[in-house]
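Here are my notes after a first pass through the model.

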Amino acid sequence: MPAFRLAAAAALSTLLAAPVDAQPAQLVVQVYSFGFAPHPIHLAAGKPVTLSFVNQSGSGHDFSAPGFFRDAKITAGSAPDDEIELRPHETKSITLVPARGTYQAHCSHFLHKQMGMSDTIVVD
Ligand SMILES: [Cu+2]
C-alpha cells in the first residue's frame, strides 16, 4: 500500500524533525515598581525559552538588555532597540535561544534603575 507507506514516512519525519527539547521552556519575569523577579534570571545556553514579562504595576516600564537580546536568536516576538516596552499591566512574551554569558538588564525609564529596576541574566 504505497499511500500508507507515504503517510507512515511523513509521520516519522515529523517526529524526527521535532526533538523533545525543541519545546521552549517558559519563564515569567515579574515587573513591578521598582524591581524585577527573579533576580538574577537563570537560563540554559542554547535552549529555546519563552520569556513572559508581566507588568504588575499601573506604571509603564521596560526591560532593557542590549547584549542579551542582540546575542540571542529570537524566534517569536521582538525586542526593538534591545528592550521590551510594557504599558501599565501589560504582558509581553518573546521566544529566543539565549547565548552563553552574563548580561545586565534594567528599566530605562528616568531614575527607575536607581530605584531598584536592575537585574542580571546568567546564561550557562
Ligand atoms: Cu521602570
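1. Start with Asp-82, which is partly exposed at a relative accessible area of 23%. You'll find Asp-82 in the loop between E6 and strand E7 (83-86). Bear in mind that this is a predicted model.

2. Leu-111 deserves a look too: it isn't a glycine, yet its phi is positive, at about 70°. This residue sits in the loop between strand E9 (101-106) and strand E10 (118-123). Leu-111 is partly exposed, with a relative accessible area of 41%.

3. Now the metal. Which residues coordinate the copper ion? They are His-61 through ND1, Cys-107 through SG, His-112 through ND1 and Met-117 through SD, at 2.0 to 2.7 Å. Along the chain, the donors follow the spacing H-x45-C-x4-H-x4-M. As for cover, Cys-107 is buried with a relative accessible area of 1%, and His-112 is buried as well, at 12%.

4. I'd call the copper geometry what the numbers call it, irregular, with angles of 84 to 136° among the four donor atoms. For reference, the ideal angle for four tetrahedral donors is 109.5 degrees.

5. On the overall fold, the protein chain has two helices and 10 strands, running α-β-β-β-β-β-α-β-β-β-β-β along the sequence. Of its 124 residues, 32% count as buried. Among contacts between residues at least 6 apart in sequence, 67% join residues at least 24 apart. The accessible surface is about 7,200 Å², and carbon and sulfur atoms account for 61% of that.

6. Five strands make an open sheet with mixed pairing, in the order E2-E1-E4-E8-E6. Strands E2 (35-37) and E6 (73-76) are at the edges with a single partner strand each, so one side of each has no neighbour in the sheet. From one strand to the next, the twist averages 30°. Within the sheet, E1 (residues 25-32) and E4 (residues 49-55) pair in the parallel sense over seven bridges, and Val-29 stands opposite Phe-53 in E4.

7. Finally, check the loop between E2 and strand E3 (41-43), where Pro-38 is found. A cis peptide bond joins Ala-37 and Pro-38, with omega about 0°. The bond from His-39 to Pro-40 is also cis, with omega near 5°, and Pro-40 lies in the loop between E2 and E3.

Terms used
Residues numbered from 1 in each chain as written. Predicted model: local features only at pLDDT ≥ 70, side-chain atom pairs only at ≥ 80, totals over all residues. Heavy atoms only, no water. Donors = N, O, S within 2.8 Å, 3.2 Å for Na, K, Ca; no water. Tetrahedral: all angles 85-135°; square planar, octahedral: opposite > 155°, others 65-115°. Buried < 20%, exposed > 50% of the residue type's maximum accessible area, 1.4 Å probe, protein only. Helix = DSSP H or I, 4+ residues; strand = E, 2+ residues; numbered from the N terminus. Contact = heavy atoms within 4.5 Å. Areas by Shrake-Rupley, 256 points an atom, 1.4 Å probe, with all protein chains shown as cover. Pairing = 2+ DSSP bridges. Axes fitted to C-alpha atoms, helices over the stretch in contact; angles between N-to-C directions.
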